Amino acid sequence: MRIFSVFNLLLILLLLSSCDSSPKKEGNFKILPSPSSIEISGISDLPVSDIEKLAELAKADYVSGKSLEDGNNSSLIFNLDESSGLKGEAYTLDISKKQITITAAAKEGLWYGLMTLGQLIQDALDQDATLPLVSIKDEPALMYRAVHLDVKHHLEKKEYYYQLMDRLAEMKINGVILEIEDKLAFQRQPKVGSSDAWSIQEWKKLSEYAMARNIVISPLVQGLGHASFILKHEEYKDLRDDPESDWAFNPLDERTYEVQFDLYADALAAFPYAQYLHVGGDEVHTTGRGSGKSALELQLIWLNKVSEYADQKGLIPIFWDDMPLKNAGVYGSIFNRNLSEAQVDSIWTVNEPNLNKYVDMFPKNCVYMRWNYDMPETIGNNRAMQWFTDHGFKVMGATAGQTRWNLMPLEESNTANIRDFALISIDNKADGLLLTLWDDDSPHFELYGRGIAIFSEYTWAGKKRTSDELHAAYRQRTFGPELVAENLAFINELEAPVAFWKNALLDDKDRNQLRSIDNPMQDAVLVLPEANAPGEWTERNKSKLAKAKENQLVIDSVLYRISESKKAALRNNYTLEVYEQVAKVAQFSNKSLLLLAAWDLAKTAGERESAKIKLLDLEDEWKTQLAELEEIYGKTRVLNKPDDYILDQDHHVHLANQAIKFSDWQFYVEGLFLQKIKEGNSLEVMGDLDSK
């Protein structure tokens with residue numbers, strides 16, 4: 001009886017084994033950033049779920065400071081080999097039938113190999129596929145790949161920054177330049193920190209978290225110009241270069257440096273692993289209170305003092321390079337694609353002596369950051385970078401994932417600019433590149449994700465993918481393989497309606513400029529149609545209405561695809577929710593314009609009254625939409641500034657600086673438009689339409 005039972009058990013096991021003999025599924029793997037080389041030769045026998053657990057344990061060991069080699073087992077081996085000939089962040093990753101081996105010459109390389117393995121595991125699990133038999137050799141094209149975080153206008157919720165560091169690490173970003181302004185509770189100059197500022201210890205904790213993931217956070221403390229966060233306060237007004245402006249310090253006042261060095265000291269305590277001290281220095285002319293010294297000389301006096309401070313602290317100062325180039329008269333050549341090499345040479349021949357005159361005053365320990373968000377490929381931009389290198393100075397580029405776009409980044413998240421500047425930097429063997437993410441008009445940070453991924457690709461791998469391939473890889477990494485298909489791609493199509501949205505409800509005015517207009521509702525918001533002139537408003541606005549109608553169809557399609565994407569996405573549904581809110585906001589403007597046209601073209605008093613009711617109902621619709629948006633946005637960001645926050649003089653019409661409450665600056669136009677509709681006597685219908 002016992003022999004029979006054993007026989008039956010063996011038979012059952014044999015049958016179960018035969019049931020599991022179906023062909024193993026191959027996956028579609030999209031690693032981002034692209035490896036230097038990858039060869040897939042088949043499929044592995046390794047159980048993916050088991051490898052996932054081992055990889056997660058390895059990550060936990062690494063960030064806690066343990067050696068990855070101490071956790072080696074038969075399935076996953078880490079090999080730290082200083083004699084391998086690999087560069088510091090380079091690695092090899094080999095997956096065989098039964099084993100995974102990651103080799104590097106430094107622990108950073110092992111970490112990046114682990115990041116790549118994590119993406120392979122994720123793709124395999126997403127697709128119910130096996131891990132591939134693969135051989136990867138990988139190293140970065142640029143050694144310093146940094147993202148600029150600008151917190152001057154608002155803060156995200158604390159946990160969001162920690163999640164962000166994890167996401168940056170997965171994309172092999174190794175640096176952050178954090179523009180701190182008043183979001184640090186300064187101890188030496190406590191008046192400067194806003195009431196919602198994080199303490200030194202809170203920022204230090206984030207810095208340690210990032211450092212454990214190979215991300216070095218260095219501070220940017222704005223100086224000479226962009227100093228409104230300091231000079232707006234009564235206590236510092238005597239340090240202004242212009243007593244009427246809170247923009248710039250007087251570089252000849254010694255107390256300027258006492259204040260700036262105090263801010264530096266606290267910032268470096270908050271970011272103790274800093275490699276750089278970014279001192280700012282852009283977009284400023286100073287007179288030294290009428291000293292008679294040139295603006296360039298004054299700037300270099302300031303730059304030498306702050307660079308000496310950085311050197312004493314063992315840090316490399318970074319300085320935006322635009323003002324010396326402007327003061328010398330060569331800046332225009334940088335932003336003109338139409339100039340030939342001969343024309344650029346002519347401009348530099350005439351004006352370069354203005355730079356050379358002060359060349360000995362340029363500090364040698366400084367990195368001169370050549371920022372160009374529009375056309376890094378111009379002959380003039382390359383000539384400017386060459387001037388610095390020719391004179392023995394270090395130069396680094398800065399591209400942008402967000403500039404002055406209001407609701408979301410446009411131009412395919414600035415793909416072309418990021419690509420071109422990365423490739424130029426690689427060709428010139430630059431140390432690195434910075435991706436700026438300005439908060440001046442403060443779109444939701446989730447919308448910056450694609451730009452960061454694009455930057456990650458081009459700075460690590462160079463040009464290995466087309467733009468479409470890269471965007472597809474971004475979708476797979478961010479949402480899962482179901483969203484790779486073009487029929488679910490929507491971000492690029494949303495861009496034109498969002499660009500239209502900015503000033504759609506205005507009459508030839510710019511949304512950012514409204515606070516400078518005495519009566520913006522009357523002088524900037526769209527003139528309403530007149531009851532005694534049916535059709536005239538529609539004729540006057542026919543191009544705008546045609547665009548609104550076109551955009552309405554586009555956004556309807558986008559909203560449908562977002563809805564379908566939310567069902568199919570395996571992760572990051574929140575990102576889709578944010579895009580959905582952007583689309584709904586843009587759609588509100590289209591609907592409003594078309595309702596005005598319906599009122600204007602009404603054939604009967606009844607039709608006109610019906611359209612008027614719908615127009616008046618827009619206020620309640622907008623309140624509902626705004627509440628929904630703030631609920632979604634508020635999951636990760638602190639929407640409003642503290643009630644005691646002091647706004648500065650807004651020299652650069654930064655939309656996010658124009659009000660304390662989020663909705664009062666982001667959607668100021670919508671509020672004025674709805675108020676105008678509500679008060680619009682021109683919408684009153686008197687008498688019979690046919691008699692008009």
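Is Asn-414 buried or exposed? At 3% relative accessibility, Asn-414 counts as buried, where buried means under 20% relative accessible area, exposed over 50% and partly exposed in between, with a 1.4 Å probe and protein chains only. Please keep in mind that this is a predicted model, in which local features need pLDDT of at least 70, side-chain atom pairs count only at pLDDT 80 or more, and totals for chains, interfaces and linings use all residues. Residues are numbered from 1 along each chain as its sequence is written, and side-chain values use heavy atoms, with hydrogens and water left out.

**Overall picture**

- The protein has 22 helices and 13 strands; these are DSSP runs numbered from the N terminus, with helices being H or I of at least four residues and strands E of at least two.
- Along the principal axes, the C-alpha trace spans about 105 × 75 × 55 Å.
- Of the 692 residues, 57% count as buried.
- Among contacts (heavy atoms within 4.5 Å) with a separation of 6 or more, 76% come from residues 24 or more positions apart.

- Helix α22 (residues 668-679) holds Lys-676.
- Lys-676 is buried yet has no salt bridge, a term that calls for a side-chain nitrogen of Lys or Arg within 4 Å of a carboxyl oxygen of Asp or Glu.
- The nearest side chain of opposite charge to Lys-676 is that of Asp-507, 5.9 Å away; here Lys and Arg count as positive and Asp and Glu as negative, while His and the chain ends are not counted.
- The Lys-676 side chain does reach the backbone oxygen of Met-521, at 3.0 Å.
- Beyond its neighbours within four places in sequence, Lys-676 is in contact with Met-521, Gln-522, Val-525, Leu-526, Val-527 and Leu-528.

**Backbone points to check**

- Asn-414, in helix α12 (residues 411-427), has a positive phi near 65° although it is a residue other than glycine.
- Asn-572 also is not a glycine and has a positive phi of about 60°; Asn-572 lies in the loop between α18 (542-568) and α19 (573-600) and counts as partly exposed at 35% relative accessibility.
- A cis peptide bond, with omega about 5°, joins Leu-32 and Pro-33; Pro-33 sits in the loop between α1 (2-19) and β1 (37-43).

Methods. A polar contact is a pair of N or O atoms within 3.5 Å; within protein, one must be able to donate a hydrogen and the other to accept it, and residues adjacent in sequence count only if both atoms are side-chain atoms.
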